[in-house]
Amino acid sequence: MINNNNESRGKCALCGRTFTEPKEGEKSFMIQEVIDGTPYKFDKMDCIPMFKRLEVYMEMISENY
Ligand SMILES: [Zn+2]
């Protein structure tokens with residue numbers, strides 16, 4: 001399941017991978033993206049389109065209930 005509450009700080013909203021502390025001279029791989037007014041954090045760019053697709057899918061499911 002997607003952990004999409006705001007308490008999931010430090011974890012990727014899609015895969016749940018924790019963000020590692022950036023080492024000296026390295027950039028942090030944390031990407032923040034606002035989706036439907038809610039900021040989500042991702043560990044890599046690939047997670048963003050996948051997360052959006054899942055969001056649409058979840059909405060479709062809930063509309064059918
Ligand atoms: Zn991820």
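**Figure 1. Secondary structure of the predicted model.** The protein comprises 1 helix and 2 strands, where helices (H or I, at least four residues) and strands (E, at least two) are DSSP runs numbered from the N terminus. Read from the N terminus, the order of these elements is β-β-α. Residues are numbered from 1 along each chain as its sequence is written. Because the model is predicted, local features need pLDDT of at least 70 and side-chain atom pairs count only at pLDDT 80 or more, whereas totals for chains, interfaces and linings use all residues. Of the 65 residues of the protein, 9% count as buried, a residue being buried if 20 or more other C-beta atoms, placed from the backbone, lie within 10 Å of its own, exposed if 12 or fewer do, and partly exposed in between.

Figure 2. Strand E1 (residues 31-35) runs antiparallel to strand E2 (residues 38-42), and 5 bridges join them; two strands pair if DSSP finds at least two bridges between them. Asp36 lies in the loop between the two strands and has a positive phi, near 55°, although it is a residue other than glycine. Most residues other than glycine have a negative phi. Asp36 counts as exposed because it has 8 C-beta neighbours inside 10 Å.

Figure 3. Gln32 has its place in E1 and is exposed, since 9 other C-beta atoms lie within 10 Å. Leaving aside residues up to four places away in sequence, Gln32 touches Pro39 and Lys41, contact meaning that the C-beta atoms of two residues, placed from the backbone, lie within 7 Å. The C-alpha atoms of Gln32 and Phe42 are separated by 6.3 Å, with the two residues 10 apart along the chain.

**Figure 4. Phe42 and the largest nonpolar core.** The largest nonpolar core is made up of 5 residues, Cys12, Ala13, Leu14, Tyr40 and Phe42; such a core is a set of buried Ala, Val, Leu, Ile, Met, Phe, Trp, Tyr and Cys residues joined through C-beta atoms within 7 Å. In soluble globular proteins, nonpolar side chains tend to be buried together.

Figure 5. Helix H1 (residues 47-64) has 18 residues and should span 26 Å at 1.5 Å a residue, which agrees with the 26 Å between its end C-alpha atoms; the expected span is 1.5 Å times one less than the number of residues. H1 is hardly covered, the count of buried residues among its 18 residues being 0. Within helix H1 lies Glu55, which is partly exposed because 16 other C-beta atoms lie within 10 Å. Between Glu55 and Ile35, 20 residues apart along the chain, the C-alpha atoms are separated by 9.4 Å.
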